[in-house]
Amino acid sequence: MYNSKITGLGYYVPENVVTNDDLAKFMDTNDEWIQERTGIKERRWIEEGSEDTSAVMGAKASRIAIERSGLKNEDIDFIVFATLSPDYYFPGCGVQIQEMLGLRTVGALDVRNQCSGFIYAMSVADQFIKTGMYKNILVVGSEFHSGGLDKSTRGRGVSVIFGDGAGAAVLSRTEDNTKGILSSHLFSEGKHAEELTVLAPSIRHWVPEIIAANDENDESYYPYMNGTFVFKHAVVRFSEAIMAGLEANNLQVSDINMLIPHQANLRISQFIQRKFKLEDDQVYNNIMKYGNTTAASVIIALTEAWEKGKIKDNDLVVLAAFGSGFTWGSVIIRW
């Protein structure tokens, strides 16, 4: 079998910076409260009137990734697009950026695994390449959260966390089985699905019900999160996913050169870092600048770490995420 190797990385975030002090102007919160609980100082939110959407941002990140890969658009065989905030209820964003990028007629798959979406998307792409079905796959994670948040005091527990942005990677076939993605590991526990969810719109609460209710106080359209419950599970599942990947490849924690965790909460990342006794230069966090961009967070952080020279040839890079569903997983890469 082949291996899949990352040959190009790119990310895009909106120009509009929203600080914690900015949030305090329209909801009852403050910078100290937000930083203490999440580690977030600011996030990017798409400005009203901007052309940016999940698909548009994904296309902008993809152009950078493809250019850096040294490939041409016609070399891309397949698209995997991860998001929880698609432009439309359907179709998905994958076919949209296929058109935006002017790609030839290729398959496009959308992944709806929220915070672990990019991990799942990478795993899917890796399997296609390993079996020889495709040679170059574009993997995208993109989120437009700000348009769907409750920006009142009622929604502050969730809305202060999320940001907008996109990242993309090009996975390419390699015959060197010592480099690239060594393995991926995916898990889920659906019994906790409603601890982090958006309940509407859905088939159970669809257009007729929405029109009939016309209820401005209906909170089912906004994200709900049982924060304490999610935090307790996240620190356990993060650890399990990382160890599953290491054990599958006969590796130790001491072999990790760079851990890129999903940017859910800085406190979770710090907990994992302490548990595994990793140094600051072995873990990359950027939630302070961008907030939680769910399916985009791992790929934005990976791209930034690579751009800053923090990832070098032959480094062992571990990607890990946990999120709504509950779903979680890891990807082990030999750079």
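Which residue just after α2 takes a positive phi? Select Gly 39, whose phi is about 85°. The model is a predicted one, in which local features need pLDDT of at least 70 and side-chain atom pairs count only at pLDDT 80 or more, while totals for chains, interfaces and linings use all residues. Residues are numbered from 1 along each chain as its sequence is written, and side-chain values use heavy atoms, with hydrogens and water left out.

Go next to the start of helix α2 (residues 31-38), where a side-chain oxygen of Asn 30 comes within 3.2 Å of the backbone nitrogen of Glu 32. Helices (H or I, at least four residues) and strands (E, at least two) are DSSP runs, numbered from the N terminus.

Now colour the sheet: five strands make an open, mixed sheet in the order β1-β7-β6-β4-β5, where two strands pair if DSSP finds at least two bridges between them. At its edges are β1 (3-12) and β5 (107-111), each of which pairs on one side only, and the twist averages 20° from one strand to the next. Strands β6 and β7 (residues 165-174) run antiparallel and are joined by eight bridges; to see one of them, select Gly 141 and its partner in β7, Gly 167.

Helix α11 (residues 297-307) lies across β1, β6 and β7 and runs at about 95° to β1; axes here are lines fitted to C-alpha atoms, for helices over the stretch in contact, and angles run from 0 to 180 degrees between N-to-C directions.

Within strand β6 (residues 136-143), select Leu 138. Leu 138 counts as buried because its relative accessibility is 0%, the limits being under 20% relative accessible area for buried, over 50% for exposed and partly exposed in between (1.4 Å probe, protein chains only). Beyond residues up to four places away in sequence, Leu 138 touches, among others, Ile 66, Phe 78, Leu 101 and Val 170, contact meaning heavy atoms within 4.5 Å.

Finally, select Ile 260, one of the residues that touch the most other members of the largest nonpolar core, which has 35 residues. Such a core is a set of buried Ala, Val, Leu, Ile, Met, Phe, Trp, Tyr and Cys residues joined through side-chain atoms within 4.5 Å. Helix α5 (residues 117-130) gives the most to this core, with seven residues.

Methods. A polar contact is a pair of N or O atoms within 3.5 Å; within protein, one must be able to donate a hydrogen and the other to accept it, and residues adjacent in sequence count only if both atoms are side-chain atoms.
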